[in-house]
Amino acid sequence: MSPIEITRRALLEGTAATAMITALPDHGASAQQTPTGGAGESELMVRLQINGKTHSLDLDIRSTLVDTLRERLGLTGTKKGCDRGECGACTVHIEGRRVLACMTLAAAAEGKEITTIEGLADGDTLHPVQSAFIGHDAFQCGFCTSGQIMSAVACIREGHAGTEADIREFMSGNLCRCSAYPQIVAAVKSAAQIQGI
């Protein structure tokens, strides 16, 4: 290959190597050259009440609730979909109200009761909404299901499950790429009737 002939692969490899070298810390730099405001200054201790248990965590102040649940606490039932509040896959309850965990800072939930999909069942006994979703086959790929169920529980509790039109309206913040909406509506309606709501 002549010096003038550069392939796209060679260009990308060279750029990546240069970026890695420039990103390495300069161990010869003096302490005076170290930038102020270390990582510790952007962290704080947060106590979260999740599914009846208290968790004390040192968190970056910018940590979202969905990232904290999934990455720090291993509660992966809450899904991270769009990460901008559009799909509803990350729906959890804070003080009984549904919220989007991707749009909520973990620190903002301190001292409040948080319920995730893992906290709905009573031991081996599923929540009526979980049972209804299984009974009505209200999922396909399952990625949105935990958010759909959390939203459905709140929808029923809020009194918005009286008609199919109401269910569709008040569940509209939860998207299903597989388009299982008829089964989801049927499951919510069934669960509301079972609970006498």
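Does Met 171 count as buried or exposed? Please then describe its surroundings and the helix packing there.

A: This is a predicted model, in which local features need pLDDT of at least 70 and side-chain atom pairs count only at pLDDT 80 or more, while totals for chains, interfaces and linings use all residues. Residues are numbered from 1 along each chain as its sequence is written, and side-chain values use heavy atoms, with hydrogens and water left out.

Met 171 counts as buried, at 6% relative accessibility, where buried means under 20% relative accessible area, exposed means over 50%, and partly exposed lies in between, with a 1.4 Å probe and protein chains only. Met 171 lies in the loop between α5 (164-170) and α6; helices here are DSSP runs of H or I with at least four residues, strands are runs of E with at least two, and both are numbered from the N terminus. The C-alpha atom of Met 171 is 9.5 Å from that of Ala 161, a residue 10 places away along the chain. Leaving aside residues up to four places away in sequence, Met 171 touches Arg 98, Gln 148, Ser 151, Ala 152, Cys 155, Ile 184 and Val 188, a contact being heavy atoms within 4.5 Å.

Two packed helices are described by the angle between their axes and the distance between the axes; the axes here are lines fitted to C-alpha atoms, for helices over the stretch in contact, and the angles run from 0 to 180 degrees between N-to-C directions. The axes of α4 (residues 145-157) and α6 (residues 181-194) come within 10 Å and cross at roughly 45°, and the two helices are therefore oblique to each other. In this scheme, angles under 35 degrees count as roughly parallel, those over 145 as roughly antiparallel, those from 65 to 115 as roughly perpendicular, and the rest as oblique. The passage of α4 by α6 is right-handed, a label for a near helix turned clockwise from the far one by less than a right angle, with anticlockwise giving left-handed. On the α4 side of this contact are Gln 148, Ala 152 and Ile 156, which meet Ile 184, Val 188, Ala 191 and Ala 192 in α6. By class, this contact holds 6 nonpolar residues, 1 polar residue and no charged residues, where Ala, Val, Leu, Ile, Met, Phe, Trp, Tyr, Cys and Pro count as nonpolar, Asp, Glu, Lys and Arg as charged, and the others, Gly among them, as polar.

Helix α3 (residues 128-135) also packs against α6, with axes that come within 8 Å and cross at roughly 140°. The helices α3 and α6 are therefore oblique to each other, and their crossing is right-handed. Pro 128, Val 129, Ala 132 and Phe 133 in α3 meet Ile 184, Ala 187, Val 188, Ser 190 and Ala 191 in α6, a contact made of 8 nonpolar residues, 1 polar residue and no charged residues.

The remaining pair to describe is α3 with α4, whose axes are 9 Å apart at an angle of about 125°. These two helices are therefore oblique as well, and the crossing of α3 and α4 is right-handed. From α3, Val 129, Gln 130 and Phe 133 meet Thr 145, Gln 148, Ile 149, Ala 152, Val 153 and Ile 156 in α4, and the classes are 6 nonpolar, 3 polar and no charged.

Of its 197 residues, 32% count as buried, and among contacts between residues at least 6 apart in sequence, 53% join residues at least 24 apart.
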